[in-house]
Amino acid sequence: MTLETIAGLYNYWMVIFLMMTGFYIVLARKNLIKSVIGLNIFQTSVFLLYITMGKVNNGTAPIIPPAIVEAQKSAHESHAGAAAGGVAEHGAGVAEHGAGVAEHGAVVAEHGAGAAEAVHAAGDIVYSNPLPSVLMLTAIVVGIATTALALALVVRIREDYGTVDEERILELDRGE
Amino acid sequence: MSRFPIIRIITKLLIPYILLFALYVQFHGDYGPGGGFQAGVIFASALILYGLVFGLEAIQRVAPPRIIEKGMALGVLVYAGTGVLTMSLGGQFLDYSVLEHHVLTQWHVPSGQHLGIFLVELGVGITVASVMTMIFYAFAGRKHAHDT
Amino acid sequence: MTPDLLPSDLTSAMLMATSVGVLVTMSLALVRATLGPTVFDRVLALNMFGTKTVLLISVVSFLTGRSDFLDLALLYSLINFVGMVALLRFTQYNSFSDNVPPREESP
Amino acid sequence: MIALEVISYCFLIAGALFSIIGGIGLVRLPEFYSRMHGGGITDTMGAGLVIVGLILLAGPTLAAFKLFVILFFLTITTPSSSHALAKSALSKGLQPELDVESEVELPMLGEGIRQ
Amino acid sequence: MNIIVFALLALLAITAVAIARLRELWAAIMFTGIYSFLSASWMMILDAPDVAFTEAAVGAGISTVLMLSTMALTGQGEDIPRKSSWMPILIVVVTGATLVYGTLDMPALGAPDAPVQLYPSPSYVERSVEDMHGLPNVVTALLASYRGYDTLGETTVVLTAGIAVLLILRRDPKEASATEPSAGDEPA
């Protein structure tokens, strides 16, 4: 067991610890609401398991920073702009209008060079994997909806049996 | 919570901001963190906060259960309807690229994919907000077990 | 990561020190929340914990150079209030309808 | 620019120190109403200073605006919930423990609140 | 950064154990809120701000409110542990040990050559730059466009769960009082 193994796997062990705590609550506590809390903890640990898998070293969140998006966009546009500028230059003698456009084209082209640099820099950014995020994002909302369903069942059980104690409910069931 | 005037005032002050933030999360979700699921939950949180402070009757006057009930289904309909729309335009189900247009380009909806994602997220947001609010109504409207 | 997104060395050291301070406070609040002894002590600790989480998220988002994630801290500061109001409501009334008298106080 | 950064460092560190002091107060002070002082200092001075420090660090950007909004929300929500908490505690019969020997019995202290 | 992560994880573990040990349900629900805040902070550090967003909104707000209202409806029962306390611990320890043994073959945290990172190639981030015409949030693009069917299903599940809660809990007060004795929802 080297230090490297620990540094690489501590996230899984943490997740397992949390998972087992939730499992223990479900097993060892008789109160139904407490069991739902235990299930919630278990659920969150599963979310964390997926999220830790998506992480990349030195990565950043899979949301492209606004500055870089702008740079990419203007790089696209300046391609077109530079081409138009070239055409205008070709027919330079025709009119002042053409010269104006050409100047504009040159400016855009310069801007384009800057943008290209930015895009190049953007290529160095490592993004973490977005797929686990997507899966877990929907799972959280579905999880709260199903938790609400479980709690609704608990409420009904309390109304019918007069208790939320699991063993007491089983006794009542056997007695009838 | 009639005994807590300060909480009532602060809640009144805060709820517009929470709703605004929910809308920001909904419509800015393509650009920053956020989206329909989060926005729906935040929107429902604002309604729940109002209900907690001013009582169930007050919140049901603001957001009547009849309307919220319909919102639950409406969201899924908007989502599936987007799919049907893309089919009727000649694409596959939920294939947004057929929604390509040149109308909304000024308003940060430059392409068909953007428009499709926008509609779908809207549907998700409506459903999640309505379901969460309705669940709160169901729990809050239940009578005490000790009373019966 | 591009270098211009990340803070400089001195700045990140300072942010790190701040976040350590915030974390220490969080653990102190957790100690109070576990010890109790009254309901109100726990709620007080929870309130403080929420505020500290807002600070931690803000500082961490600066530390990772993604200050556009401050939305998250904004959300925390709003949701924390909702949670607090819910807890207060249930310590005070233990129910939703205002008609129900508050829980009988000790004789 | 450097001066601004140095000022923001001062704010950050001061905020962190205030937080820790408040946290120690929360743990060490003897009873609920005095512990509220500890909670109060972290929620106002601690949070406020840290966020002002971050605003200075961010400069005039969207991030600074968001931080300002966060500061606004924290400023209005935490004191009001602390107030409501104290009021609720008082109405539930949790009496402040005074240093002075009290001749009157404090009958409401205890059952139902201590857990 | 590592200091922050380890401190957060320690706090998370302490909170989980506190939830397991606390007898009062009320306090346990309160600690669930803290637990959710902490796990959302870790998710944020793990580069998943969208998930952290959802977890924070759900865990600290709605989940707390729902559990508290359930508790208000069912009464604050003390949470008494079962008589045999060694059996659950044994099961949990054995299961946990098995799982830890299983992790020894897992890829390390953040390894760029882990299977998760390699499979959809080119990755969704690279693809979405082309497909989405500069939509910055890849998570949203993936959620609504690449995995649109999946999300439609999830939304339907949320709707179904909401309808089920309504079917279980909602009873029109007028109807209930009118048809009280013969109502089918009374215990048999």
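How much area is buried between chain A and chain E, and what percentage of it do carbon and sulfur atoms give? About 7800 Å² is buried between these two chains, and carbon and sulfur atoms give 74% of that area, where buried area is the accessible area (1.4 Å probe) that two parts lose on being put together, summed over both. This is a predicted model, in which local features need pLDDT of at least 70 and side-chain atom pairs count only at pLDDT 80 or more, while totals for chains, interfaces and linings use all residues. Residues are numbered from 1 along each chain as its sequence is written, chains are lettered from A and ligands numbered from 1 in the order in which they are written, and side-chain values use heavy atoms, with hydrogens and water left out.

**The interface of chains A and E**

- On the side of chain A, 78 residues are in contact with 86 residues of chain E, contact meaning heavy atoms within 4.5 Å.
- Tyr10(A), Arg29(A) and Lys55(A) supply 7% of the area that chain A buries against chain E, which is more than any other three residues.
- Helices α1 (3-28), α2 (32-54), α3 (66-90), α5 (130-161) and α6 (166-175) of chain A each supply at least two residues of the side that touches chain E, helices (H or I, at least four residues) and strands (E, at least two) being DSSP runs numbered from the N terminus.
- The most is given by α5(A), with 26 residues of the side of chain A that touches chain E.
- That side of chain A divides into 49 nonpolar, 19 polar and ten charged residues, where Ala, Val, Leu, Ile, Met, Phe, Trp, Tyr, Cys and Pro count as nonpolar, Asp, Glu, Lys and Arg as charged, and the others, Gly among them, as polar.

**Asp47(E) and the salt bridge**

- The count between chain A and chain E is one salt bridge, defined as a side-chain nitrogen of Lys or Arg within 4 Å of a carboxyl oxygen of Asp or Glu.
- Asp47(E) forms a salt bridge with Lys55(A), and the closest N and O atoms are 3.1 Å apart.
- Asp47(E) lies in the loop between α2 (25-45) and α3 (49-74) of chain E, and its phi is near 70°, a positive value in a residue other than glycine.
- Asp47(E) counts as buried because its relative accessibility is 9%, buried meaning under 20% relative accessible area, exposed over 50%, and partly exposed in between (1.4 Å probe, protein chains only).

**Ser8(D)**

- Ser8(D) is found in helix α1 (residues 2-28) of chain D, and it counts as buried because its relative accessibility is 0%.
- The side chain of Ser8(D) reaches the backbone oxygen of Glu5(D) at 2.7 Å.
- Leaving aside residues up to four places away in sequence, Ser8(D) touches Gly53(D), Leu56(D) and Leu57(D).

**Annotated spans of chain D**

- An unreviewed UniProt entry places the feature "transmembrane region" at residues 6-27 and 48-74 of chain D; such annotations may be inferred rather than shown by experiment, feature names are shortened, and positions are given in the numbering used here.
- Residues 6-27 of chain D are 100% helix and 0% strand, with end C-alpha atoms 32 Å apart.
- Residues 48-74 of chain D are 89% helix and 0% strand, and their end C-alpha atoms lie 8 Å apart.

How values were computed. Polar contact = N/O pair within 3.5 Å; in protein donor to acceptor, adjacent residues only side chain to side chain.
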